[in-house]
Amino acid sequence: MSTLKKFKSIDAIIWFVIAFFIFSLVVVPGFANLNTLSRFMSQSSVLIIMACGVHMVVLNGGVDFTSTALLALTTVVGASIMRTAGPLGGSGFSIVLALLAMVGLGLLLGIINGLSITTFKMPSFIVTMATQMIVNGIAVVFTGGASVSGLPAAFGKFKGGIGIFPFILFIALGVAIVLHIITTKTIFGRQLYAVGTNHKTALTSGISPRKTIFKAYVISGICAGIAGIVELAYMQSGSVNYGSTMFNDIMASIIVGGTSPAGGSGKIRNTVLGALLISMIDNSLNILGVPYYYITLIKGLIILVAASIDLIRIQKRDSK
């Protein structure tokens, strides 16, 4: 393969990340500061996990609105279990129990969503929007709308890191690596792409779309639970407001990464890069003092351009 062809074969998201990183280093004051870079990586971690989880659902042409509500619910539940003023007094057991409860909540909602969509053949848009509202309501009722703080010092160590690299970033990358292996190296991964490409063809090939879709929603729910742990570790408090404006960024990360909303194509690696790009845009433009609505406008334009580039490439590839 010639050098020119190699350059053309590189996904658009990689160029976007490189270009905006260089822009941030040159234009944004203090972006190259080690503390700023560490904070950027910490803030990116939750988005990476959430986007990778929802990515699994999007691969089969679905959507998962529940993930952002789950992020809020798991943080308040986890914080309530492990807080030092709670019945368990912030003991080591309380931390373990809280972490299991957070992942368990994600698993439970993933099962509910998966069963509702596959058993009752309800559209994922309706099911996950309904469960999002229900979960948000539960979170508010559970806390009365108040934040939950006073976490044990032992849990605060999760906010540390190795040099400028926060521990929670390693958790996020670990989740991404596991999902990358699942989508590229397992039978389930191949089934996921097949179902997303064409349900009927997948069915005639001996693949069960119902089982595949169900598993995708379970994985998405578990990822939301893990993201809740990461968010709680970073913020050191639980709140019903976490994730309330994140869904657009989740979908932006997935679409900018080249994953088709119709299903059947996409890479976890590119979704991770998409999440890094969206987080970088937010961090850099916030430092520059750009108003929120302009940041939203810029992210929308980048999504449109990146998606158009990948669409043109796919059309050229398919026409050959």
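The model is predicted, so to speak of local features takes a pLDDT of at least 70 and side-chain atom pairs count only at pLDDT 80 or more, while totals for chains, interfaces and linings use all residues. Residues are numbered from 1 along each chain as its sequence is written, and side-chain values use heavy atoms, with hydrogens and water left out.

**Overall build**

- The protein chain has 14 helices and 2 strands, read as DSSP runs numbered from the N terminus (helices are H or I with at least four residues, strands are E with at least two).
- Its radius of gyration is 20 Å, close to the 20 Å from the globule rule for 320 residues, so the chain is as compact as a globular protein of that length. The radius is taken over C-alpha atoms, and the rule is 2.2 Å times the number of residues to the power 0.38.
- Along the principal axes, the C-alpha atoms fill a box of roughly 65 × 55 × 35 Å.
- Of the 320 residues, 49% count as buried (under 20% relative accessible area; exposed is over 50%, partly exposed in between, with a 1.4 Å probe and protein chains only).
- Take the contacts (heavy atoms within 4.5 Å) between residues at least 6 apart in sequence: 79% of them join residues at least 24 apart.

**Aromatic rings**

- There are 7 aromatic pairs here. Rings of Phe, Tyr and Trp (its six-membered ring) pair if their centres lie within 6.5 Å; planes under 30 degrees apart are stacked, over 60 edge-to-face, and the rest tilted.
- One of the pairs is F155 with F158: the centres are 5.2 Å apart and the planes at 45°, so it goes down as tilted. F155 is buried at 1% relative accessible area, while F158 is partly exposed at 32%.
- Y293 and Y294 also make a tilted pair, 4.9 Å centre to centre with 45° between the planes. Y293 is exposed at 56%, and Y294 is partly exposed at 42%.
- F21, F31 and F40 come together as one aromatic cluster.
- K159 puts its charged end over the ring of Y234, 5.5 Å from the centre (the cut-offs: NZ of Lys or CZ of Arg within 6 Å of the ring centre and within 35 degrees of the ring normal).

**Positive phi in loops**

- Most residues other than glycine have a negative phi.
- K121 isn't a glycine, yet its phi is positive, about 55°. K121 lies in the loop between helix 5 (92-119) and helix 6 (124-143), and is exposed at 71% relative accessible area.
- Q236 has a positive phi too, near 60°, and is found in the loop between helix 11 (209-235) and helix 12 (247-256).
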